[in-house]
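These are my notes on a single structure.

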Amino acid sequence: MTETVAEIVAAHRAGLMTPRDTVARTFARIRAHNDAAIFISLRDEADALAEAEALAAKDTAALPLCGVPVAIKDNIDVAGLPTTAACPAFAYTPARDSTAVARLRAAGAIIIGKTNLDQFATGLVGVRSPYGIPNNPVRADLVPGGSSSGSAVAVSAGLVPLSLGTDTAGSGRVPAMLNNIVGLKPSLGMISTAGLVPACRTLDCISVFALTVDDAVAALSVMAAPDALDPFSRDRPLAAVTTFPQGVKLGIPRPDQLIFFGDKAAEAAFGAAAARFVKLGAELVEFDLEPFYETARLLYEGPWVAERYLVIRDLLASDPDAIHPVTREITIGGARGSAADTFAALYRLQALRKVAERTFAHVDALLLPTAPTAYTTAEVLADPILLNSRLGTYTNFVNLLDLCGLAVPAAIRDDGIPFGITLLAPAGRDAALASLGRAFHADTALPVGAKSVPQPALAPESPSLHGDEIAIVVVGAHLSGMALNHELTSLGGRLLVATTTAPDYKLYALSTTPPKPGMLRIDDGKGSAMAVELWALSAASFGKFVDLIPPPLSIGTIRLADGRTAKGFLVEPAALEGARDISEFGGWRAYMAQKG
């Protein structure tokens with residue numbers, strides 16, 4: 001039986017099982033699975049059980065991860081357990097948890113152990129470790145994916161429902177695809193990297209593996225916060241997840257730019273995934289992928305390899321044989337670049353970032369294969385650098401361009417190989433990607449992980465405000481799917497509910513570009529009820545949004561049909577001279593539909 005985070009927490013809160021029972025079952029599953037290459041070290045079972053038992057004295061409602069067993073990639077510090085980065089000569093034992101782990105513990109999670117990885121997080125294959133190669137539980141001959149190999153396998157095999165990986169160039173996404181699980185790569189700086197052994201310090205982020213998107217978001221929500229210990233930390237609040245938005249536009253590469261290295265099954269699976277998004281209501285918009293490919297080439301052909309070199313240069317000098325030969329070959333190149341080379345690459349990257357910005361001006365997110373194909377362990381061992389590079393085709397550019405990403409299972413091919421898609425968006429839109437990905441994953445009806453366990457039903461999205469959010473009523477061009485809706489979504493807005501106003505209003509068609517309505521408040525009960533949407537924005541985003549509103553529109557207080565009031569769009573009466581009264585249509589969408 002594979003259990004999700006949501007199911008475990010619900011059972012603990014209802015008293016159907018205890019955190020101690022869950023942790024004991026986790027250790028039993030690890031022993032029964034009997035793959036010594038998944039974990040580099042495990043916690044003392046008695047200590048973990050005692051920590052789980054202590055949760056009984058706490059308010060479980062205040063612990064969003066109450067009793068959830070979690071595995072941690074072994075380049076992230078856990079107090080009292082060695083941090084090896086898969087290199088015994090590098091190992092040290094930290095006295096304190098990394099910030100991410102500390103926040104998981106504070107939310108009630110129980111750390112189980114440290115997982116295997118491609119040494120120093122250099123690789124997308126999962127075979128570059130002196131601690132062995134974890135067996136891919138979906139199809140045993142395939143590589144497990146890296147560098148977060150053990151973390152992904154532990155979730156897919158049902159040993160833990162949640163794990164932390166890292167992602168510099170795809171290490172939180174490629175293993176997710178190869179193990180039929182979800183991989184969430186958050187916006188850079190959203191999760192503190194204090195206590196992380198870096199690969200490329202300016203590009204690293206801690207990632208999340210889970211069986212469902214909702215589980216991954218639950219973990220992200222407790223870790224996402226600024227941290228004074230991390231100079232790369234950013235204040236990027238996590239918005240709430242919504243239903244699949246109407247009128248969403250997904251960028252899809254031109255057909256001649258898609259690369260599958262001859263894998264026709266993967267190509268067909270991606271086409272089917274794109275069609276599934278259309279069925280869900282998305283519009284596909286072709287874009288030029290070549291600038292993104294060029295950005296990807298900068299990662300290993302440019303100066304960022306020097307960041308990997310900085311991490312292990314002392315060990316390279318004192319004991320080079322302690323480093324995996326492939327890792328050593330890749331990393332040693334970082335010592336050869338010049339300062340001039342670095343600035344030249346930074347200048348080119350900045351230009352490419354502007355190209356990416358223009359791309360996202362026309363789409364809400366990009367839809368890409370997570371990886372173009374899959375390889376067996378034997379194939380990768382025979383050609384370790386080229387095949388590893390191929391797996392990063394659609395991942396290497398993401399952090400360089402400051403994007404967030406979500407890898408979601410899309411299919412199990414006829415040959416038993418998993419295929420997945422990744423959604424990408426500018427930093428800060430993590431919740432928007434989750435809103436798309438959870439609906440897509442549910443629609444596939446794929447089992448979770450490797451255990452043929454059905455997906456749980458999607459939980460309803462919360463219609464309530466969170467944190468400092470402010471509700472705003474939209475009536476016209478900002479409605480879902482309309483011309484200006486992107487102004488809301490780009491600010492992290494989320495749809496709470498489609499509803500109607502009280503019958504106190506008239507609606508007019510204004511002579512503006514693009515066309516907009518003006519809603520006017522009249523006497524109570526003397527007007528018409530108008531179809532509107534209630535959206536939520538953070539306080540900061542609300543201020544930015546209001547600043548975008550041009551006259552003759554303004555923000556006032558609007559009364560809804562259920563008696564609630566919220567801020568929303570109203571029109572200045574002086575602007576209505578000559579405007580057409582369209583109140584009879586009951587809303588802007590209906591009016592625009594009849595116009596054709």
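**Entry 1: an aromatic cluster.** I began with the rings and found that Phe90, Tyr92 and Phe120 form one aromatic cluster. I applied this rule: rings of Phe, Tyr and Trp (its six-membered ring) pair if their centres lie within 6.5 Å, with planes under 30 degrees apart counted as stacked, over 60 as edge-to-face and the rest as tilted.

**Entry 2: basis of the notes.** I note that the model is predicted, so that local features need pLDDT of at least 70 and side-chain atom pairs count only at pLDDT 80 or more, whereas totals for chains, interfaces and linings use all residues. Numbering starts from 1 along each chain as its sequence is written, and side-chain values use heavy atoms, with hydrogens and water left out.

**Entry 3: aromatic pairs.** How many aromatic pairs does the rule give? I recorded 12 aromatic pairs. Phe292 and Phe397 form an edge-to-face pair, at 5.4 Å centre to centre and with 70 degrees between the planes. This pair links distant parts of the chain, 105 residues apart: Phe292 lies in helix H9 (residues 290-301), and Phe397 in the loop between helix H14 (384-391) and strand S10 (403-412). Helices (H or I, at least four residues) and strands (E, at least two) are DSSP runs, numbered from the N terminus.

Buried means under 20% relative accessible area, exposed over 50%, and partly exposed in between (1.4 Å probe, protein chains only).

I then looked up Phe545 and Phe569, which also form an edge-to-face pair, at 5.9 Å centre to centre and 90 degrees between the planes. Phe545 belongs to helix H17 (residues 539-547) and Phe569 to strand S18 (residues 565-571), 24 residues apart. Both Phe545 and Phe569 are buried.

**Entry 4: strand S4.** In strand S4 (residues 162-167), 6 of its 6 residues are buried. Leu162, Leu164 and Thr166 point one way from S4, while Ser163, Gly165 and Asp167 point the other way. Two strands pair if DSSP finds at least two bridges between them. Strand S2 (residues 69-73) runs parallel to S4, joined to it by 3 bridges, and S4 pairs with strand S6 (residues 205-210) in the antiparallel sense over 6 bridges. Ser163 is the bridge partner of Ala71 and stands opposite Phe209 in S6.

**Entry 5: a five-stranded sheet.** In which order do the strands of the open sheet lie? I read the order of its 5 strands as S13-S16-S12-S18-S17, with mixed pairing. Strand S13 (494-500) and strand S17 (553-559) are the edge strands, each pairing on one side only. The twist averages 35 degrees from one strand to the next; axes are lines fitted to C-alpha atoms, for helices over the stretch in contact, and angles run from 0 to 180 degrees between N-to-C directions. S13 and strand S16 (residues 531-537) run antiparallel and are joined by 6 bridges, and Ala498 has Glu533 in S16 as its bridge partner.

H17 packs on this sheet, touching strand S12 (470-474), S16, S17 and S18, and its direction makes about 35 degrees with that of S12. Contact means heavy atoms within 4.5 Å.
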